[in-house]
Amino acid sequence: MPLNVFNARDGSSRVLLTDPSGSSSAEVSLYGGQVVSWKNERKEQLLYMSTKAQMKPPKAIRGGIPICFPQFGNLGALERHGFARNRFWSFDNDPSPLPPANQQSTVDLVLKSTEDDLKIWPHSFELRVRITISPGKLTIIPRVRNTDPKAFSFMFALRNYLYVSDISEVRVEGLETLDYLDNLMRKERFTEQADAITFDGEIDRVYLNTPTKIAIIDHERKRTIELRKEGMPNAVVWNPWDKKAKSIADMGDEDYTTMLCVDSGAIDTPILLKPCEEWRGRQELSIVSSSYCSGQLDPRKVLYGDH
C-alpha cells in the first residue's frame with residue numbers, strides 16, 4: 001500500500017498512519033518531520049496542539065512531538081531547540097537497517113544538511129526518523145549519521161506535548177530520587193524529593209540519568225501514558241503555567257491546563273560522533289488504561305508490571 005499523503009486544511013503536507021487494525025492513527029507533518037496528531041481507538045486526541053499553532057515557516061509547530069536537533073533549548077549558539085523542527089523533511093528511500101514495516105503504519109523521513117544549514121552549524125549530517133503506529137503505541141526511532149570528515153557533537157530531544165485532562169490532576173512517576181537541572185533556577189542542580197511529580201506552578205527541569213520507563217498518570221481520564229526510551233538518558237518535564245503561557249505568542253492563555261511536556265533527550269552530555277558513525281535512539285509512547293475509579297494508581301504496577 002502506498003503512503004497516505006494529504007494536504008491539511010492549513011495547506012501543510014501530512015502523512016496519515018493507521019495501525020493495521022484501524023484502531024489508532026497518527027498524522028506526521030513534513031514540516032519539522034513532526035508527529036502532529038495521535039488518536040486512540042475512540043478517536044481521542046492524545047497529543048496537545050496549541051490553539052494558536054503555526055503550521056508553516058518560519059515558526060516551529062507548537063504541539064505534537066517536535067524534533068530538537070542539534071541543540072536543545074538555548075544551550076548553544078543556534079536558534080532555540082535547533083533547526084530540524086523548522087525544516088521541510090523528505091521521504092527516506094533508504095531506511096535500512098531497520099526491519100521493514102507495513103507502509104500504512106510506518107513512515108521514514110530524512111533531513112540532510114543544506115548549504116544554509118552548514119553556514120550556521122558547520123557539520124554535514126543525515127538525520128533520519130522512523131515513525132510507527134500500532135494499537136495503543138506510537139514509536140519513533142531517530143538516527144543521526146556523521147557524513148562530515150570531522151567529528152561533531154550534538155544534542156537531541158523529542159519534545160512530547162501530551163494532552164491531559166487537567167494538569168493539577170496529573171502525576172509523573174519514575175523520576176523520584178533523581179538529580180535534575182532546574183531551568184527556573186539558572187540550571188542549578190537539585191535532587192527530586194517527592195515520590196511523584198505533581199503540578200501547581202511553572203516547571204522546567206532536565207532530569208539526569210533517567211530510567212528507560214516513565215509513567216504519566218492522568219487520574220481524570222483513568223489513563224496512563226507510558227514513556228519508554230533508549231539512547232536518550234535525560235527526561236525534561238515542562239509546563240509554563242498561567243503567567244508564562246500568556247507570554248508565549250503561539251500558545252492559548254489557558255492551554256497550560258491541558259498540556260504537559262515530558263521529553264526524551266540527550267542534553268546534559270552531548271553525543272559525540274566520529275566520521276561515518278551513527279547514533280540511534282528509540283522512544284515508545286503507549287497507553288495503559290486503568291480500572292481504578294479513584295485514588296492513586298499503584299506505581300509498582302505502572303512502572304514495573306507487564307502491559
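How many cavities of 30 Å³ or more does the count come to? The count comes to one. The model is a predicted one.

## The cavity

The largest cavity has a volume of about 40 Å³. Its lining is made up of Tyr163, Val164, Ile216, Asp218, Arg223, Thr224 and Ile225. Two elements give two or more residues each to this lining: strand E17 (213-218) and strand E18 (223-230). Which of the elements gives the most? E18 does, with three residues. By class, the cavity lining divides into four nonpolar, one polar and two charged residues.

Rolling a probe the size of a water molecule over the atoms shows where empty space is left. The largest pocket has a volume of about 550 Å³. It is lined by 27 residues, and the closest to its centre are Gly73, Arg80, His81, Arg159 and Asp204. Three strands each supply at least two lining residues: E16 (203-207), E19 (234-239) and E20 (259-273). The pocket lining has twelve nonpolar, four polar and eleven charged residues.

The two spaces are set out together here.

| Space | Volume | Nonpolar lining residues | Polar lining residues | Charged lining residues |
|---|---|---|---|---|
| Largest pocket | about 550 Å³ | twelve | four | eleven |
| Largest cavity | about 40 Å³ | four | one | two |

## Cysteines

The disulfide count comes to zero. A disulfide is a covalent bond between the sulfur atoms of two cysteines. The cut-off is 2.5 Å between the sulfur atoms.

Is cysteine 68 buried or exposed? Cysteine 68 is buried, because its relative accessible area is 0%. Cysteine 276 is exposed, because its relative accessible area is 60%. The limits are under 20% for buried and over 50% for exposed.

## A four-stranded sheet

An open sheet has four strands in the order E1-E2-E3-E4. The pairing is antiparallel. Which strands are the edge strands? They are strand E1 (4-7) and strand E4 (34-39), and each pairs on one side only. From one strand to the next, the twist averages 25°.

Strand E3 (residues 25-29) pairs with E4 over five bridges, in the antiparallel sense. Within this part of the sheet, valine 28 stands opposite valine 35 in E4.

Strand E12 covers residues 170-173. Val170 and Val172 point one way from the strand, while Arg171 and Glu173 point the other way. All of these residues are buried, the arginine and the glutamate included.

E12 pairs with E17 in the antiparallel sense over four bridges. What is the bridge partner of valine 170 in E17? The partner is aspartate 218. Asp218 also lines the largest cavity.

E12 pairs with strand E15 (residues 197-198) as well, again in the antiparallel sense, over two bridges. Here arginine 171 stands opposite threonine 198 in E15.

Terms used. Residues numbered from 1 in each chain as written. Predicted model: local features only at pLDDT ≥ 70, side-chain atom pairs only at ≥ 80, totals over all residues. Heavy atoms only, no water. 1 Å grid on protein atoms, 1.4 Å probe; cavity = no way out; pocket = protein on both sides within 12 Å on 5 of 7 lines; lining within 4 Å. Points joined across faces, edges and corners; volume = space filled by probe spheres on them. Nonpolar A, V, L, I, M, F, W, Y, C, P; charged D, E, K, R; others polar. Buried < 20%, exposed > 50% of the residue type's maximum accessible area, 1.4 Å probe, protein only. Pairing = 2+ DSSP bridges. Axes fitted to C-alpha atoms, helices over the stretch in contact; angles between N-to-C directions.
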